[in-house]
Amino acid sequence: MGEKLFPDVVRDIETGRHSGRHIRLKRAILYSRSHRAMKTGNEDASESSLHQFWQTDTANDYYLRYGHRFQDWFLGPHLKLVEQIEDYAQRNLIEQMIEIGCGDGRVLDYCSKRLTGTKRFTGLDINPMIISANQKRYEDNPALSFVAGNAQEWVPKNTGPGTLLFTYGGVLEYFSQRGINQLFSRHTKQHGSLIALVEPLDPKHDLTKDHDSRIFGQENSFSHNYRHILEKLGYHVRFEEEHQMGPIRWIMMMATNSKPRNT
């Protein structure tokens, strides 16, 4: 009903115009689309509505409201994943790091100062407003660059040997299982490719028995069996850890397409 009553707002959503108007209505329309997609089991439609949601003005609100999570979460229990990457990088060259869904850029900026052997760090985000802000915010760090674009289109064209793909705090949850396969399609074929992630899971998702992805939570996002997906793509999981933080079940994982030397 809302889409019929407010065609101008729908056009804003469809064309990616971010005027700052009707933020709550945009959220309501996109949530309604996502809910319909979930009920019908249409994963492609669900993925599309989630991507459109993060292109709107709401993303700016999110990083202002939850900026404390960098200190409390990333520099807290999630820092263990960065330490695992750093340990790997001491014995293996990481040519470039691409952070998908880089948000306000703080995670990428931090990693650029820890992974001193890596020269290129690219932050990719679907929201052009955030990218524009990051380009100004981090102009004094020459190792960083920021790009606005759809990861499924951009990553396959820009990955290469020794590339680390990184997602933090809930990014791959907005991709369907087929969308993840499309995202990783060319990356999996590159020598020395590496994937590291911190993603939420459905608390009821039994990863030992259920290999399929499922829609869960208030956002109707995806809970994926990351080990199953990555191993099917030929990756070897080198680090995996789950923990509970408040109501959120988190998984941290690092995988490479080369076997560990001790096996």
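A salt bridge is a side-chain nitrogen of Lys or Arg within 4 Å of a carboxyl oxygen of Asp or Glu. The views below come from a predicted model, and the legends begin with the pairs to which this cut-off applies.

**View 1. R214 and D202 meet in a salt bridge that links distant parts of the chain.** The closest N and O atoms of R214 and D202 are 3.2 Å apart, which falls within the 4 Å limit and therefore qualifies the pair as a salt bridge. R214 belongs to strand β6 (residues 214–216), whereas D202 sits in the loop between β5 and β6, the two residues being twelve residues apart. R214 is partly exposed, with a relative accessible area of 27%, while D202, at 10% relative accessibility, counts as buried.

**View 2. Helix α8 contributes R114 to a salt bridge with E86 of helix α7, and holds both partners of the D109 and K113 salt bridge.** Ten salt bridges are found in the structure, and the one between the side chains of E86 and R114 has an N to O distance of 2.7 Å. Because E86 lies in helix α7 and R114 in helix α8, this pair ties together parts that are 28 residues apart in sequence. Both side chains are partly exposed, E86 at 21% relative accessibility and R114 with a relative accessible area of 22%. In the salt bridge between D109 and K113, the closest N and O atoms are 3.1 Å apart; these two residues are four residues apart in helix α8, so about one helical turn separates them. D109 is buried, with a relative accessible area of 13%, whereas K113 is exposed, with a value of 57%.

**View 3. F74 forms aromatic pairs with F70 and with Y110.** The structure holds five aromatic pairs. In the pair of F70 and F74 the ring centres are 5.4 Å apart and the planes stand at 20 degrees, so the two rings are stacked. F70 and F74 are four residues apart in helix α6, and therefore about one helical turn separates them; both residues are buried. The pair of F74 and Y110 is instead edge-to-face, with 5.5 Å from centre to centre and 90 degrees between the planes. Since F74 lies in helix α6 and Y110 in helix α8, this second pair ties together parts that are 36 residues apart in sequence. F74 counts as buried because its relative accessibility is 0%, while Y110, at 21%, counts as partly exposed. Ring pairs link F70, F74, Y110 and Y168 into a cluster.

View 4. When its neighbours within four places in sequence are left aside, L164 is in contact with I85, I94, Q96, M97, I98, L115, L194, I195 and A196.

**View 5. Q96, a residue of strand β1 (residues 96–100), reaches the backbone of N158 with its side chain.** Q96 counts as buried because its relative accessibility is 6%. Its side chain reaches the backbone oxygen of N158 at 3.1 Å. Not counting residues up to four places away in sequence, Q96 touches T118, R120, N158, T159, G160, G162, T163 and L164.

**View 6. Strands β8 and β9 form a hairpin.** The two strands run antiparallel and are joined by nine bridges. H243 stands opposite W250, a residue of β9. Two residues lie between the strands, and G246 in the turn has a positive phi of about 65 degrees.

How values were computed
Residues are numbered from 1 along each chain as its sequence is written. This is a predicted model: local features need pLDDT of at least 70, side-chain atom pairs count only at pLDDT 80 or more; totals for chains, interfaces and linings use all residues. Side-chain values use heavy atoms; hydrogens and water are left out. Contact means heavy atoms within 4.5 Å. Buried means under 20% relative accessible area, exposed over 50%, partly exposed in between (1.4 Å probe, protein chains only). A polar contact is a pair of N or O atoms within 3.5 Å; within protein, one must be able to donate a hydrogen and the other to accept it, and residues adjacent in sequence count only if both atoms are side-chain atoms. Two strands pair if DSSP finds at least two bridges between them. Rings of Phe, Tyr and Trp (its six-membered ring) pair if their centres lie within 6.5 Å; planes under 30 degrees apart count as stacked, over 60 as edge-to-face and the rest as tilted.
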